[in-house]
Each structure stands twice: as C-alpha cells, then as structure tokens.
Amino acid sequence: MKKTILLLAFCFAFLECSSQKTFTKEDYEKALSKYMKTITASELKEHLYIFASDEFEGRNTGEPGQKKAAKYIQDFYAKEGIQSPESPYVQNYLQPIPAKTFPRIAKDTENVLGFIKGSEKPDEILIISAHYDHVGVRNGEIFNGADDDGSGSVALLEIAQAFQKAVKDGFSPKRSILFLHLTAEEIGLLGSKFYTDIQPVFPLENTIANLNIDMIGRVDEKHQNEPNYVYLIGSDKLSTELHNLSESVNQKYTQLKLDYTYNDDNDPNRFYYRSDHYNFAKNNIPIIFYFNGVHPDYHQPTDTPDKINYEILAKRTQLVFATAWELANAENRPVVDKAQK
Ligand SMILES: [Zn+2]
C-alpha cells in the first residue's frame with residue numbers, strides 16, 4: 001500500500017515536472033484559446049456594475065470615490081494572488097502621486113499596478129493600461145463613466161485574471177506583464193505622464209509595448225448594424241511587426257472588424273494624442289489604442305453600465321488578451337522600424 005502511494009506520488013511529481021518543461025508552441029496556442037475564454041461578458045458586467053456605480057462617485061482624481069475604485073482593484077489583485085511590483089515607487093499595488101506634482105492635481109492620488117513576472121525574459125515588460133479616473137460629480141449629478149473608462153478598467157482585471165489562471169497551470173508568460181491602472185487621465189494624461197516622465201517603475205527601454213484600453217463597451221453610430229468591430233489606433237506608427245502581430249491574432253482568435261479610420265494621421269480628432277498610450281509612444285514604445293468611438297453619452301452623466309454591450313466588451317477584451325499573450329511569448333520583442341512623428 002505504502003509503496004504504491006509512493007510510486008504514484010513519484011509519477012505525479014515526474015509528470016508535473018516534465019509537463020512544465022516540455023510545453024510546445026502548440027501547447028501555448030491551445031492555452032491561449034483556453035484562457036481567453038475565461039474572459040466572459042457576465043464577469044465583466046459584475047465588475048462594471050460596481051465600478052461604475054454611484055458609490056464610486058464618478059472616480060474623480062484624488063476624491064474618496066476614486067480611492068474606493070483603487071481599493072477595489074487592489075483587493076482584486078490580492079485575492080487573485082497577482083503581485084504588487086517590487087519597486088521603491090510602489091507599495092501594496094499603489095504608486096502615489098502627491099498633490100501639486102502637476103498643477104492640475106489638487107489632491108494626492110495614485111496609479112494602481114498589478115504584476116506577473118516573466119519566466120524567461122523577466123526584465124522585458126509588456127504594459128497593458130487603462131485609466132480608472134473619471135470626472136466625478138458636477139452640479140449634483142454623478143458621471144459614472146461606465147464606458148469611459150470603466151470598460152477598460154474591468155477589461156484589465158479580467159485580462160490579468162486570465163493570465164494568472166494560466167500561470168497557475170504552468171503557462172507563465174515568458175516576458176513580464178504590468179497591469180497599469182492610471183489616474184488623472186481626464187485632467188491631462190497625468191498618471192501616465194508621471195509614470196513615463198518622473199517614475200518609470202520599470203525602465204522604459206525594457207518596455208516592449210503598451211496596449212491601452214480607453215472605452216471599449218459601446219457601439220457607435222457608424223457600426224449600429226455591424227457591432228463586431230473595434231477601432232485600432234497607433235498599431236503601425238512605430239512597429240510594422242506589432243501591427244502584423246495584432247492583425248494575425250485577430251484573424252485567428254477573435255475575428256473583429258478592425259477599423260483604422262482614426263489611425264489616419266490627418267484625422268481631425270487626433271485620438272492618437274488623446275489617451276495615455278501617447279506618453280509611451282513619445283518614448284518610442286510601440287502602442288495599440290483600443291477604442292469604440294464616441295457616442296451621445298460620452299462625458300455625460302448618462303454613461304451608465306446598463307448601456308454597455310457586454311458581449312462586444314468581452315470580445316474586445318479577448319482581443320487585447322490574445323495580443324498580449326502573443327507579445328509576451330513571442331521569440332523577439334516587436335522591432336521599432338519607423339520614426340516618431
Ligand atoms: Zn477615457
């Protein structure tokens with residue numbers, strides 16, 4: 001009896017060890033599909049109804065409602081066993097930004113960071129980001145910011161959870177991944193500016209790419225009859241390889257219509273310069289900005305969680321996850337082959 005148990009234990013230990021070391025490219029591909037499917041409309045919905053609830057008071061930078069949102073993110077990472085990055089700039093998932101660091105920051109605020117360490121190239125970092133602040137309460141009305149950018153915030157939580165599930169099964173990403181929830185975007189991209197210009201938690205030259213999500217839960221006027229789309233901005237501006245990887249991942253795993261209307265250098269909206277990814281792009285870090293376009297509830301108190309299309313939100317979140325997975329596990333980091341404009 002004892003012998004059998006020992007023998008079995010030995011076998012399991014051996015299987016475990018060997019399986020850790022012999023994952024092939026095909027294994028990683030299958031794993032991508034498997035963990036991508038853990039990102040669901042219902043979990044995103046559950047998070048967003050809390051994150052964009054009146055209790056969080058529009059998440060205005062430095063205000064109590066935003067602190068609640070920060071704590072929600074912190075608690076989630078702690079519960080999932082996702083680490084806080086080891087850095088003198090970060091304590092318990094928070095990177096503090098003191099008031100008046102920039103004139104427009106009136107009260108102390110913080111970026112929130114979760115981290116998964118890479119197994120083969122831990123010093124190379126992929127950043128996935130979304131801003132978690134919004135514009136607060138005005139004239140007694142709460143601006144819930146469900147799409148802007150509650151949608152990106154909860155997408156980031158689900159992406160992190162999917163990666164962490166993979167880690168637990170032995171599929172650690174080869175490069176490290178930083179899940180970066182940025183503050184003070186609405187008052188001038190200041191959380192990301194603080195990260196890139198004042199306190200990069202990881203060296204910018206080791207940062208291989210930034211995938212930034214800002215508004216992915218709605219369907220704009222143009223796509224009412226074909227909601228299976230997302231606008232991509234910036235993917236080809238610095239790295240042809242990043243653009244090609246993004247295209248092929250979508251063809252293979254998510255089949256969304258990738259709309260590049262706003263990627264046009266002559267587009268008057270200039271969205272490339274209008275969300276947090278730009279602070280990375282200006283440092284020659286290739287970026288992709290994921291965006292659903294504008295709608296009548298944009299920056300209105302009517303941007304509420306009941307108006308989100310959760311199936312589409314899930315699909316777009318899956319696209320970001322799949323793209324991140326390929327970037328984190330690719331043989332080489334995407335080559336920067338184009339000059340900054
Ligand atoms: Zn936004």
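The site of the zinc ion is irregular, with angles of 53 to 149 degrees among its four donor atoms. The model is predicted.

**Zinc site**

- His131 (NE2), Asp148 (OD), Asp214 (OD) and Asp214 (OD) coordinate the zinc ion, at 2.0 to 2.6 Å.
- Along the chain, the donors of the zinc ion are spaced as H-x16-D-x65-D.
- His131 sits in strand 3 (residues 121-131), and Asp214 sits in the loop between strand 7 (207-213) and strand 8 (229-233), so this pair ties together parts that are 83 residues apart in sequence.
- His131 counts as buried because its relative accessibility is 0%.
- Asp214 is buried as well, at 5% relative accessibility.
- The peptide bond from Asp148 to Asp149 is cis, with omega near -10 degrees.
- Asp149 belongs to helix 5.

- Strand 3 and strand 7 are parallel and pair over five bridges.
- Ile128 stands opposite Leu211, a residue of strand 7.

**Helices on the sheet**

**Strand 2**

- Strand 2 is mostly covered, with eight of its eight residues buried.
- In a regular strand, side chains alternate between the two faces of the sheet.
- Thr109, Asn111, Leu113 and Phe115 point one way from strand 2. Glu110, Val112, Gly114 and Ile116 point the other way. All of these residues are buried.
- Strand 1 and strand 2 run antiparallel and are joined by four bridges.
- Gln95 stands opposite Asn111 in strand 2.
- Strand 2 also pairs with strand 6, in the antiparallel sense, over five bridges.

**Asn144**

- Asn144 lies in the loop between strand 5 (141-142) and helix 5 (146-168).
- Is Asn144 buried or exposed? Asn144 is buried, because its relative accessible area is 6% and the cut-off for buried is under 20%.
- A polar atom of the Asn144 side chain lies 3.0 Å from the backbone oxygen of Ala52.
- Leaving aside neighbours within four places in sequence, Asn144 is in contact with Ala52, Ser53, Asp54, Arg59, His134, Pro301, Asp303 and Thr304.

**Ile288**

- Ile288 is part of strand 10 (residues 287-291).
- With a relative accessible area of 0%, Ile288 is buried.
- Which residues does Ile288 touch, not counting residues up to four places away in sequence? They are Asn210, Leu211, Asn212, Leu232, Ile233, Ser235, Leu242, Ser246 and Thr323.
- Ser235 is 53 residues from Ile288 in sequence, yet the two are 4.7 Å apart in space, C-alpha to C-alpha.

**Positive phi**

- Asn92 has phi near 50 degrees, a positive value in a residue other than glycine.
- Asn92 is in the loop between helix 4 and strand 1.
- Asn92 is exposed, because its relative accessible area is 52% and exposed means over 50%.
- Leu189 has phi near 55 degrees, again a positive value in a residue other than glycine.
- Leu189 is in the loop between strand 6 and helix 6.
- Leu189 counts as buried, at 12% relative accessibility.

Notes. Residues numbered from 1 in each chain as written. Predicted model: local features only at pLDDT ≥ 70, side-chain atom pairs only at ≥ 80, totals over all residues. Heavy atoms only, no water. Donors = N, O, S within 2.8 Å, 3.2 Å for Na, K, Ca; no water. Tetrahedral: all angles 85-135°; square planar, octahedral: opposite > 155°, others 65-115°. Helix = DSSP H or I, 4+ residues; strand = E, 2+ residues; numbered from the N terminus. Buried < 20%, exposed > 50% of the residue type's maximum accessible area, 1.4 Å probe, protein only. Pairing = 2+ DSSP bridges. Polar contact = N/O pair within 3.5 Å; in protein donor to acceptor, adjacent residues only side chain to side chain. Contact = heavy atoms within 4.5 Å.
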